[in-house]
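I set down here what I looked up in this model, entry by entry. Confidence comes before architecture.

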Amino acid sequence: MAITRDDVLRALQSVTIDTAGTTLPASGRLSQVVVDPTNRVMFSILIDASEAARFEPIRRSAEGKVLSMPGVSGVFASLTSERGPGMPEQSKAAPVPVNAAPPRPGAPPGQGPALPGVRHIVAVASGKGGVGKSTTACNLALALKAQGLKVGLLDADIYGPSVPKLFGLSGKPKVVDNRSMEPMEGYGLKVMSIGFLIEPETAMIWRGPMVQSALTQMLRDVLWGELDVLIVDMPPGTGDAQLTMAQATPLSGAVIVSTPQDLALIDARRGVTMFKKVAVPILGVIENMATFICPNCNHESHIFGHGGARIEAQRLGVPFLGEVPLNMTIRESSDTGQPVVAVAPDGPQAQVYREIARKLWDNLTAAPAGRAAPKIVFE
């Protein structure tokens with residue numbers, strides 16, 4: 001039995017938000033209601049941050065009403081604070097955590113609560129698309145795992161999820177207790193992506209609050225377990241979704257991926273600036289597609305230039321983690337869902353990612369953190 005948006009709205013008509021009997025659908029506070037192909041329902045309730053305590057029982061009631069509908073497989077409902085005409089300037093667009101844990105000790109002011117069991121959360125970001133950010137995040141996570149760490153990967157690119165393709169994964173995550181999801185597993189990594197919840201060709205036509213709600217649910221309603229590092233593959237750019245992740249997530253730091261060309265470096269600067277403004281440390285810059293070596297004649301070409309990201313990192317005063325070549329093996333392995341670090345761990349391309357992972361871990365464990373980092377012996 002397929003559940004429709006109208007079915008959900010009818011169920012929510014019995015949820016009132018005040019003594020006057022205003023229903024939730026009539027209040028103007030209900031976000032877009034999304035029903036995925038497995039009849040999992042997602043929506044958020046717009047509030048001012050000061051109303052969180054009053055609206056939490058309303059959120060639970062709404063969640064219960066929808067969950068009791070025949071055929072519904074799960075419900076993801078959240079409270080979302082979005083600045084509007086009647087809201088104070090300090091009420092930024094960011095999800096209001098439900099049953100939040102205390103803030104991570106040592107986290108920058110304004111960041112969200114810690115994820116239980118997760119030592120470090122690292123954002124892999126870029127100022128623009130097309131620079132190989134997702135491929136880099138995927139292989140970087142695998143390189144960290146190869147060096148003895150417990151690693152997870154969250155695909156936070158709502159509009160263009162790439163991680164299912166990069167890992168060759170399909171199917172739906174298992175839902176536990178009608179709320180929490182078990183992450184998928186690929187090459188020993190715990191993996192979550194919106195791509196597991198929708199059909200491959202579905203266009204995500206969502207406004208900001210719904211994107212924020214989905215990101216929060218994928219982060220906090222997933223059973224990540226004990227992790228040393230959770231790598232977050234960020235959406236490209238510096239917009240609403242990026243700000244949500246930066247402000248609502250206890251990030252230990254960010255990695256910026258860029259090609260060497262000036263056009264990409266302009267946007268990489270914006271990414272560095274955004275993270276600095278929200279007090280997230282920059283753990284390093286990676287230059288992707290740095291050098292192309294012809295497989296026939298071994299001639300070295302700098303198709304997108306060379307060294308631009310290293311120079312930019314020096315100019316901005318942030319660490320430079322290394323260069324990843326423009327290489328057919330990396331591209332082919334990514335397209336077939338067989339990441340190069342996993343399937344050719346001793347090859348030259350994998351060694352590049354492993355060296356970058358080594359530097360990243362050094363920078364990460366040197367930064368202030370709420371818990372002591374595990375002792376890792378790199379081979």
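Over which residues does pLDDT stay under 50, and how many contacts beyond four places in sequence does the model have for them? I found that pLDDT (the predictor's confidence in each residue, from 0 to 100) stays under 50 over residues 82-110, for which the model has 62 contacts (heavy atoms within 4.5 Å) beyond four places in sequence. A further stretch, residues 369-379, is also below 50, with 28 contacts beyond near neighbours in sequence.

I noted the conventions. This is a predicted model, in which local features need pLDDT of at least 70 and side-chain atom pairs count only at pLDDT 80 or more, while totals for chains, interfaces and linings use all residues. Residues are numbered from 1 along each chain as its sequence is written, and side-chain values use heavy atoms, with hydrogens and water left out.

I then looked up the chain as a whole. The protein chain averages a pLDDT of 78, and 77% of the residues score at least 70. Confidence is lowest in strand E4 (residues 94-96), at a mean of 40, and highest in E6, at 95. Helices (H or I, at least four residues) and strands (E, at least two) are DSSP runs, numbered from the N terminus.

Next I traced the sheet. It is open and mixed in pairing, with 8 strands in the order E9-E10-E6-E11-E5-E12-E13-E16; two strands pair if DSSP finds at least two bridges between them. E9 and strand E16 (320-323) stand at the edges with a single partner strand each, so one side of each is left without a neighbour in the sheet. Strand E6 (residues 151-155) pairs with E10 in the parallel sense over 4 bridges. Asp 155 has Ser 193 in E10 as its bridge partner.

I turned to the core. A nonpolar core is a set of buried Ala, Val, Leu, Ile, Met, Phe, Trp, Tyr and Cys residues joined through side-chain atoms within 4.5 Å. Buried means under 20% relative accessible area, exposed over 50%, partly exposed in between (1.4 Å probe, protein chains only). The largest core has 82 residues, and Phe 167 is one of those that touch the most other members. Leaving aside neighbours within four places in sequence, the contacts of Phe 167 include Cys 138, Gly 186 and Tyr 187.

Tyr 187 lies in the loop between strand E9 (184-186) and strand E10 (189-193). Its phi is positive, about 55 degrees, although Tyr 187 is not a glycine. At 37% relative accessibility, Tyr 187 counts as partly exposed.
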